[in-house]
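User: I am new to reading protein models. Could you take me through this one, step by step?

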Amino acid sequence: MFNEKFMRKAISLSEKNIEKGGGPFGAVIVKDGKVIATGCNRVTCNNDPTAHAEVTAIRNACKKAGDFNLEGCEIYSSCEPCPMCLSAIYWARISKLYYGNTKKDAAKIGFDDSFIYDELEKSPAKRTIPASQHLEKEAIVAFENWEKKEDKVEY
């Protein structure tokens with residue numbers, strides 16, 4: 001259930017992160033009514049294009065939990081997540097997402113992800129970064145081995 005206190009914390013993190021040289025994004029992960037992890041956008045500070053607030057919070061939460069599965073957790077983000085962060089939220093199996101600003105609000109200040117959404121609609125060969133498949137018969141061996149592995153950890 002939505003809790004204003006956690007959203008305000010995400011918003012506060014986004015504001016304070018600007019003062020620390022980061023981008024205007026903050027995220028808070030909550031489980032059973034308690035904050036288990038936070039994250040801020042540290043892309044330019046860390047020279048890491050994946051260091052978005054939500055991804056950073058997910059990494060911190062998983063490390064603290066000792067698990068890659070964050071089912072039962074909620075994430076509060078100061079902004080609607082970009083495609084990468086939204087994917088990470090799904091992969092982490094977070095149960096609920098709450099956000100403040102929209103992707104349109106982000107686009108207005110230079111954080112426009114619409115080109116990524118547009119790219120995903122194109123065939124791999126027609127994307128801005130063209131992609132093509134090679135050595136598929138060799139590459140499939142790892143998948144076949146995974147499929148046969150009896151003690152694999154599913155995710």
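This is a predicted model: local features need pLDDT of at least 70, side-chain atom pairs count only at pLDDT 80 or more; totals for chains, interfaces and linings use all residues.

User: Which residues of helix α4 are buried?

Analyst: Helix α4 covers residues 83-91. A residue counts as buried when its relative accessible area is under 20%. In α4 that group is P83, C85, A88 and I89.

User: What do the buried residues of α4 pack against?

Analyst: Contact here means heavy atoms within 4.5 Å. The buried residues of α4 touch both helices and strands. The partners are α3 (53-65), β3 (73-79), β4 (96-101) and α6 (114-121).

User: Where does D32 lie?

Analyst: D32 is another residue to look at: its phi is positive, about 50°, although it is not a glycine. At 70% relative accessibility, it counts as exposed. D32 sits in the loop between β1 (26-31) and β2 (34-40).

User: How many disulfides are there?

Analyst: A disulfide needs two cysteine sulfur atoms within 2.5 Å. By this rule, the count is zero.

User: How far from C45 is the nearest cysteine sulfur?

Analyst: C45 is in no disulfide. Its relative accessibility is 32%, so C45 counts as partly exposed. The nearest cysteine sulfur belongs to C40, and the distance is 9.7 Å.

User: Which cysteine has the sulfur nearest to that of C82?

Analyst: C82 counts as buried, at 9% relative accessibility. The nearest cysteine sulfur is 3.7 Å away. The cut-off for a disulfide is 2.5 Å, so C82 is in no disulfide. The cysteine with that nearest sulfur is C85.

User: Which residues form the nonpolar patch on the surface?

Analyst: One member, W146, is found in helix α7 (residues 136-148). W146 counts as partly exposed, at 36% relative accessibility. Together, the patch residues have about 610 Å² of accessible area. They are F68, W91, W146, V153 and Y155.

Terms used
Residues are numbered from 1 along each chain as its sequence is written. Side-chain values use heavy atoms; hydrogens and water are left out. Buried means under 20% relative accessible area, exposed over 50%, partly exposed in between (1.4 Å probe, protein chains only). Helices (H or I, at least four residues) and strands (E, at least two) are DSSP runs, numbered from the N terminus. Patches are made of residues with over 30% relative accessible area and no salt bridge: like charges are joined within 9 Å, nonpolar side chains (Val, Leu, Ile, Met, Phe, Trp, Tyr) within 5 Å. Accessible areas come from the Shrake-Rupley method with a 1.4 Å probe; for residues, only the protein chains shown count as cover. A salt bridge is a side-chain nitrogen of Lys or Arg within 4 Å of a carboxyl oxygen of Asp or Glu.
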